[in-house]
Amino acid sequence: MESFIAQSKTAKEILKIATLSSTLPVNCIILGPKAVGKSLLAKVVAPNAKSYTALDLQKAIKSKTLDLNTINEIIVLDIQKLGSIKQIIELFEENNIKVIATATNNKESYREFFQAQIEIPPLSQRLEDVEFLKNEYIDEAKRVFLIDNDINEDIELDLSNNAISLKKSIFRSILFDSLRKNDIMNILEKFLLKELDNSSSYKELLPIFEIPLLKAGQKKYKSQLQMAKNFKINRNTLRKKMIGNGIDE
């Protein structure tokens, strides 16, 4: 994404605040968990400012490769990683430089240095933004995997790590749906070859095949009776396999 996504009411309000902050001569910090769009929002506050990670900024200041006389705004990403925030902020204030920072956690000390604070909630609280990103990532995945036809968009989305896990879950789902039997067999062969290098036994590797098969059967046939019938195995044998593999009814 090249711009902050604001489809939800919450994100639209955040975007308004960021746009307003761009007109004010005050330091601004953008707070929120990883991969919620903090760096993109920072560009809204200061579209012409150069971005530095906290560690790169420390190096640039120490090596004097950053000429403070040539800038009036700067974006500092993950400012919580700085050894001394106070020292850095005071240095910029002495040179009349506006600071826009991002951080994954909120600290009381931020109130002292940043007159404007913007907090971005996780994607799980911005479902309209999730839907927009889902469609964007699906289109991107289709381009990457050279898929022209329609795909199954009933994807189990992972929002545990916001945009990062969302994108991974979509790419993984689309990739897996495009695989054929031979592709899966080749992947398994390469995986098992690595496992055999670790002296894994047949018995230790068997769950790799059994667990997905049992879970798929559980979803497909709904009951152990129907599973046993369609798998053509004894129901007690099936039950033992499910218990042994830690699969609930």
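A charged patch here is made of residues with over 30% relative accessible area and no salt bridge, like charges being joined within 9 Å. The legends below describe close-up views of a predicted model.

**View 1. A patch of positive charge on the surface.**
Lys34, Lys81, Lys168 and Arg172 gather in this patch. One of its members, Arg172, is placed in helix 7. Arg172 has a relative accessible area of 42% and is therefore partly exposed. Since a patch takes residues with over 30% relative accessible area, a partly exposed residue such as Arg172, at 42%, can belong to one.

**View 2. A patch of negative charge on the surface.**
Five residues make up this patch: Glu131, Glu136, Asp139, Asp150 and Glu153. Asp150 sits in the loop between helix 6 and helix 7. Its relative accessible area is 71%, so Asp150 is exposed.

**View 3. The aromatic pair of Tyr110 and Phe114.**
Three aromatic pairs turn up in a search of the whole structure. One of them joins Tyr110 and Phe114, with 6.2 Å from centre to centre and 80° between the planes, an edge-to-face arrangement.

**View 4. The aromatic pair of Phe145 and Phe171.**
The ring centres of Phe145 and Phe171 are 5.9 Å apart and the planes stand at 65°, so this pair is edge-to-face. Phe145 belongs to the loop between helix 6 (127-144) and helix 7 (162-178), while Phe171 belongs to helix 7, so the pair ties together parts that are 26 residues apart in sequence. The two residues fall in separate accessibility classes: Phe145 counts as partly exposed, at 28% relative accessibility, whereas Phe171 counts as buried, at 17%. The cut-off that separates these classes is 20% relative accessible area, with buried residues under it.

**View 5. A salt bridge within helix 1.**
A search of the whole structure finds six salt bridges. In one of them Glu13 is joined to Lys16, and the closest N and O atoms are 3.8 Å apart. How far apart are the two residues in helix 1? Glu13 and Lys16 are three residues apart in this helix (residues 9-21), so about one helical turn separates them. Glu13 is partly exposed, its relative accessible area being 40%. Lys16, with a relative accessible area of 55%, is exposed.

**View 6. The salt bridge of Glu108 and Arg111.**
Glu108 and Arg111 meet through their side chains in a salt bridge of 3.5 Å, N to O. Both residues are exposed.

Lys241 and Glu210 form a salt bridge in which the closest N and O atoms are 2.7 Å apart. This pair links distant parts of the chain, Lys241 being in helix 11 (residues 235-244) and Glu210 in helix 9 (residues 202-221), 31 residues apart. Lys241 counts as partly exposed at 31% relative accessibility, and Glu210 is buried with a relative accessible area of 17%.

**View 7. Ile208 and Leu188.**
Ile208 is another residue of helix 9. Its relative accessible area of 29% makes Ile208 partly exposed. Between the C-alpha atoms of Ile208 and Leu188 the separation is 9.3 Å, and the two residues are 20 residues apart along the chain.

**View 8. Positive phi at Ala35.**
Most residues other than glycine have a negative phi. Ala35 has a positive value, near 65°. It lies in the loop between strand 1 (28-31) and helix 2 (38-45). Ala35 counts as partly exposed, at 22% relative accessibility.

**View 9. Positive phi at Asp78.**
For Asp78, phi is near 55°, again a positive value in a residue other than glycine. With 25% relative accessibility, Asp78 counts as partly exposed.

Notes
Residues are numbered from 1 along each chain as its sequence is written. This is a predicted model: local features need pLDDT of at least 70, side-chain atom pairs count only at pLDDT 80 or more; totals for chains, interfaces and linings use all residues. Side-chain values use heavy atoms; hydrogens and water are left out. Rings of Phe, Tyr and Trp (its six-membered ring) pair if their centres lie within 6.5 Å; planes under 30 degrees apart count as stacked, over 60 as edge-to-face and the rest as tilted. Helices (H or I, at least four residues) and strands (E, at least two) are DSSP runs, numbered from the N terminus. Buried means under 20% relative accessible area, exposed over 50%, partly exposed in between (1.4 Å probe, protein chains only). Patches are made of residues with over 30% relative accessible area and no salt bridge: like charges are joined within 9 Å, nonpolar side chains (Val, Leu, Ile, Met, Phe, Trp, Tyr) within 5 Å. Accessible areas come from the Shrake-Rupley method with a 1.4 Å probe; for residues, only the protein chains shown count as cover. A salt bridge is a side-chain nitrogen of Lys or Arg within 4 Å of a carboxyl oxygen of Asp or Glu. Lys and Arg count as positive and Asp and Glu as negative; His and the chain ends are not counted. The place of a charge is taken as NZ of Lys, CZ of Arg, CG of Asp or CD of Glu.
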